[in-house]
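I have my notebook open, and I want to walk through one structure with you, a step at a time. Keep the picture beside you while you read.

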Protein chains: 2
Amino acid sequence: MNLQETWNPKLVSFIESAQGSDFPIQHLPLGIFKPQMDGNYRVGVAIGHFVLDLAMLDDFGLFDEYNWARKKLFNRLKLNRFMALGRKASQELRCRLVELLSADNPDLRDHQELRTHAFHRMEDITMSLPVEIGDYTDFYSSKEHATNVGIMFRGKDNALQPNWLHLPVGYHGRASTIVKSGTPIVRPSGQTKSDTEENPSFGACRLLDFELEMGFFIGSGNKMGEPISINDAEDHIWGMVVVNDWSARDIQKWEYVPLGPFLAKNFATSISPWVVTMEALEPFRTPGPVQNPKPLAYLDQQGAHAFDIKLDVSIKTSQSETFESISSSNFKYLYWSMAQQLAHHTSSGCEMRTGDLLASGTISGPTPDSYGSLLELTWRGASPITLKTGEQRTFLKDGDSLRMSAFCQNENYRIGFGEVVGEIVPAVHVQ
Amino acid sequence: MNLQETWNPKLVSFIESAQGSDFPIQHLPLGIFKPQMDGNYRVGVAIGHFVLDLAMLDDFGLFDEYNWARKKLFNRLKLNRFMALGRKASQELRCRLVELLSADNPDLRDHQELRTHAFHRMEDITMSLPVEIGDYTDFYSSKEHATNVGIMFRGKDNALQPNWLHLPVGYHGRASTIVKSGTPIVRPSGQTKSDTEENPSFGACRLLDFELEMGFFIGSGNKMGEPISINDAEDHIWGMVVVNDWSARDIQKWEYVPLGPFLAKNFATSISPWVVTMEALEPFRTPGPVQNPKPLAYLDQQGAHAFDIKLDVSIKTSQSETFESISSSNFKYLYWSMAQQLAHHTSSGCEMRTGDLLASGTISGPTPDSYGSLLELTWRGASPITLKTGEQRTFLKDGDSLRMSAFCQNENYRIGFGEVVGEIVPAVHVQ
């Protein structure tokens with residue numbers, strides 16, 4: 001089985017629930033799971049309604065043809081050790097898993113003992129943060145988002161800052177508060193000052209927002225002082241997750257001059273649990289927006305470098321029983337590609353380590369129903385959203401749950417990212 | 001021996017070189033070292049001209065009265081495991097080490113076997129980065145520095161931003177490129193645009209600068225969502241190092257709007273190898289600047305909260321054989337205290353983990369000879385520094401070595417931080 005064959009839309013798995021699901025045999029995202037009843041966290045792959053235990057497959061010798069086999073790389077609390085091997089190992093694993101899961105291959109299909117122990121139903125497992133994240137960077141790569149925010153704060157004529165079309169603007173984020181989907185989000189407190197107040201005050205955030213983003217993890221890194229070139233950048237991009245960059249707009253407005261967002265962002269960032277490999281995404285590659293002016297040579301990427309990934313944001317309040325969609329966007333809208341972000345980030349010589357997370361920035365599309373934050377959807381609170389319950393929202397209230405999900409779809413199959421969910425819980429009283 | 005007694009100026013060690021040195025018995029900073037000839041990195045303490053191997057003392061049972069003894073906490077590549085125990089364990093270690101190193105205590109003094117193996121001469125060891133740093137934050141806490149930069153970029157009337165006197169402004173930095181003293185610093189490349197150019201270009205940084213800073217490490221952390229109050233903050237501050245926050249001024253100028261410094265800072269940050277405990281610094285506590293307006297309650301700290309730490313910056317060019325001092329500053333000039341920085345940082349609920357580094361921002365004093373960056377010392381390059389060799393400097397050139405050092409001095413003894421040194425090496429050619 002070679003890589004090209006793993007994209008064959010006609011592939012069928014003996015796991016029947018794979019066909020037509022978010023996790024077909026062409027997908028195979030990796031995550032960290034444990035059975036709810038017992039056991040330690042370890043690496044698994046999603047297939048249909050099941051998670052397949054890769055540590056067990058390795059123990060049974062099913063990866064013995066590869067030089068990374070039997071090294072306990074899957075019997076780990078995080079994916080980092082395997083990710084550090086880079087995309088070649090990831091591709092080898094993908095090819096082997098497609099072989100093993102194919103309907104016409106008896107090796108795993110007919111191995112009753114292994115099948116009984118290695119497959120776990122999705123509803124019987126718990127997932128963990130998949131990666132140990134050393135450093136987290138957040139970009140600002142949606143032209144629509146940067147323009148919307150610019151219009152709100154500086155007016156239409158100066159919406160984009162002079163540097164924006166020349167480089168992917170970004171800033172360093174906080175790694176300690178990146179949490180897995182489902183983690184409750186405590187409303188942050190902070191110092192704010194409205195334009196009408198003479199002095200700032202301290203209290204619970206009043207303008208709590210989400211930001212719809214996607215992020216990618218570094219596989220193999222680089223040495224400090226040795227930039228990753230634009231042509232090599234994709235070799236270092238291992239896989240992707242959905243990211244909710246929770247944001248406290250009132251804190252941000254007062255604190256961010258002149259060194260950028262700080263407490264407005266560092267209270268929480270939520271990510272989806274399955275890491276979708278770049279190999280799974282390859283069939284969904286698509287041209288990105290035309291870049292004008294032409295980027296400088298160190299950022300000039302040839303070929304199609306965007307990915308067609310459909311994105312949804314839904315909300316559920318304490319008064320509703322179901323999630324209601326409030327935005328639909330697409331990863332392909334982003335002006336700057338992941339490779340450009342990475343080449344720029346390391347152009348200074350900055351070292352990337354396995355597991356570092358680089359997020360896109362809010363992914364807003366061209367129309368108001370595709371905006372990736374409440375700041376934009378409600379235009380700074382001026383146009384509240386009315387939900388089916390009749391409730392209105394400008395920013396998030398306590399008890400609101402926010403869900404982001406993503407998938408790629410072609411005429412043959414669909415691959416899902418799963419979702420990242422978080423419920424807002426009340427601020428804690430300080431002192 | 002209680003903590004108060006460890007500050008007795010009359011204490012004398014049987015290690016005679018301790019008396020009058022930068023590392024007297026009242027000091028006892030911790031670091032990670034290995035003998036140059038053999039062995040693994042482990043925890044050591046500086047005393048006089050020697051480093052004392054704490055892993056060996058622990059093996060010999062000299063810490064058996066404490067509940068952290070015999071847990072291999074010193075047989076580690078980093079200090080984190082011991083730091084995680086917080087300041088109580090640090091104080092117990094200090095008290096015990098003062099006992100063991102005192103001239104009148106025979107336990108170690110007369111234990112010839114242990115003395116032979118546990119003490120290493122400073123010139124026979126190599127030191128390592130002392131702490132595994134999860135997240136790195138850089139503040140902007142010197143009023144003089146913020147004012148100088150403000151005057152240069154916005155004029156005298158708007159020098160300080162409106163938020164500056166109300167909160168310790170800070171931003172997230174890059175942990176992956178924090179390096180130990182002595183690591184060569186590759187001149188970064190990056191995208192820049194001068195005011196006279198129509199378009200940006202990419203190339204080696206032309207305005208490479210240092211920033212004289214100090215940083216503190218977190219001992220015991222907090223849970224996400226649970227702020228550290230201003231009254232508890234000092235309990236979480238474990239020890240300090242000298243920090244050189246290397247800065248690329250031309251890259252910074254073009255990139256930093258609106259999300260703050262990014263590539264201008266993330267290519268390298270150098271720190272000194274010895275972590276000076278807060279217990280050693282206690283006798284040098286001093287009132288800080290008067291804060292007006294009075295800080296909000298969550299930042300309102302009682303008592304003297306600055307420390308009198310003398311700072312020096314020296315340069316050596318490829319044409320000179322010795323370092324020449326170009327700035328003398330003091331940690332006590334900082335407007336915002338470490339406790340205020342930490343209370344502010346966690347006020348959002350941001351989680352601190354053992355080993356996180358929080359740096360002060362450039363420490364500039366009130367007079368031009370105390371400015372902590374070339375940006376200020378040469379006033380944006382308008383007033384070059386003339387060195388003893390006759391050479392002039394506006395910003396750093398390839399081959400320049402920059403050294404920062406720090407010490408506390410009272411009438412009885414002096415405690416030294418050691419130094420943080422880095423030599424600028426030429427930019428690498430990209431593509």
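Here are my entries on what I looked up, starting with where the model comes from.

**Entry: the kind of model**

I note at the outset that this is a predicted model. I keep that in mind for every value below.

**Entry: a sheet in chain A**

I began with the strands of chain A. In what order do the strands of the open sheet run in chain A? I read the order as β4-β3-β2-β1-β5, five strands with antiparallel pairing. Next I looked at the edges. There I found β4 (119-121) and β5 (125-128) of chain A, each with a single partner strand, so one side of each has no neighbour in the sheet. From one strand to the next, the twist averages 45°.

Then I picked one pair to follow by eye. β1(A) pairs with strand β2 (residues 42-47) of chain A in the antiparallel sense, over four bridges.

**Entry: a sheet in chain B**

I turned to chain B and looked for its open sheet. Five strands form it in the order β4-β3-β2-β1-β5 (chain B), and the pairing is antiparallel. The edges of this sheet are β4 (119-121) and β5 (125-128) of chain B; each has a single partner strand, so one side of each is left without a neighbour. The twist averages 45° from one strand to the next.

Strand β3 (residues 50-53) of chain B and β4(B) pair in the antiparallel sense, with three bridges. Within that pair, B:Leu52 has B:Phe119 in β4(B) as its bridge partner.

**Entry: around strand β26 of chain A**

A hairpin of four residues joins β25(A) to β26(A). Strand β25 (residues 401-409) of chain A pairs with β26(A) in the antiparallel sense over eight bridges. In that pairing, A:Gln409 stands opposite A:Arg414 in β26(A).

Which strand runs parallel to β26(A)? I found strand β9 (residues 185-186) of chain A, joined to β26(A) by two bridges. Here A:Ile185 stands opposite A:Ile424 in β26(A).

A:Arg414 turned up again when I searched for salt bridges. It forms one with A:Asp22, where the closest N and O atoms are 2.5 Å apart. A:Arg414 lies in strand β26 (residues 414-425) of chain A and A:Asp22 in the segment before β1 (30-35) of chain A, so the pair ties together parts that are 392 residues apart in sequence. Over all chains, a search of the whole structure finds 51 salt bridges.

**Entry: where the two chains meet**

How many residues of chain A are in contact with chain B? I count 62 residues of chain A, in contact with 62 residues of chain B. Between them the two chains bury about 5800 Å², with 63% of it on carbon and sulfur atoms. A:His172, A:Leu259 and A:Phe262 supply 14% of the area that chain A buries against chain B, more than any other three residues.

I then looked for charged partners. Four salt bridges cross the interface of chain A and chain B. One I looked up joins B:Arg174 to A:Asp356, with the closest N and O atoms 2.7 Å apart. Polar contacts cross the interface too, in 27 residue pairs.

Several elements give two or more residues to the side of chain A that touches chain B, among them β6 (136-139), β7 (170-172) and α10 (338-346) of chain A. The largest share, three residues, comes from β7(A). By type, the residues on that side of chain A divide into 33 nonpolar, 23 polar and six charged.

I wrote the background down before looking: most residues other than glycine have a negative phi, and most peptide bonds are trans.

In chain A, the peptide bond from A:Asn292 to A:Pro293 is cis, with omega near 10°. A:Pro293 sits in the loop between β18 (285-286) and β19 (306-307) of chain A. In chain B, a cis peptide bond joins B:Asn292 and B:Pro293, with omega about 10°. B:Pro293 is in the loop between β18 (285-286) and β19 (306-307) of chain B.

My last stop was B:Leu28. Its phi is near 65°, a positive value in a residue other than glycine. You can find B:Leu28 in the segment before β1 (30-35) of chain B.

Note on methods: Residues are numbered from 1 along each chain as its sequence is written. Chains are lettered from A and ligands numbered from 1 in the order in which they are written. This is a predicted model: local features need pLDDT of at least 70, side-chain atom pairs count only at pLDDT 80 or more; totals for chains, interfaces and linings use all residues. Side-chain values use heavy atoms; hydrogens and water are left out. Two strands pair if DSSP finds at least two bridges between them. Axes are lines fitted to C-alpha atoms, for helices over the stretch in contact, and angles run from 0 to 180 degrees between N-to-C directions. Contact means heavy atoms within 4.5 Å. Buried area is the accessible area (1.4 Å probe) that two parts lose on being put together, summed over both. A salt bridge is a side-chain nitrogen of Lys or Arg within 4 Å of a carboxyl oxygen of Asp or Glu. A polar contact is a pair of N or O atoms within 3.5 Å; within protein, one must be able to donate a hydrogen and the other to accept it, and residues adjacent in sequence count only if both atoms are side-chain atoms. Ala, Val, Leu, Ile, Met, Phe, Trp, Tyr, Cys and Pro count as nonpolar, Asp, Glu, Lys and Arg as charged, and the others, Gly among them, as polar.
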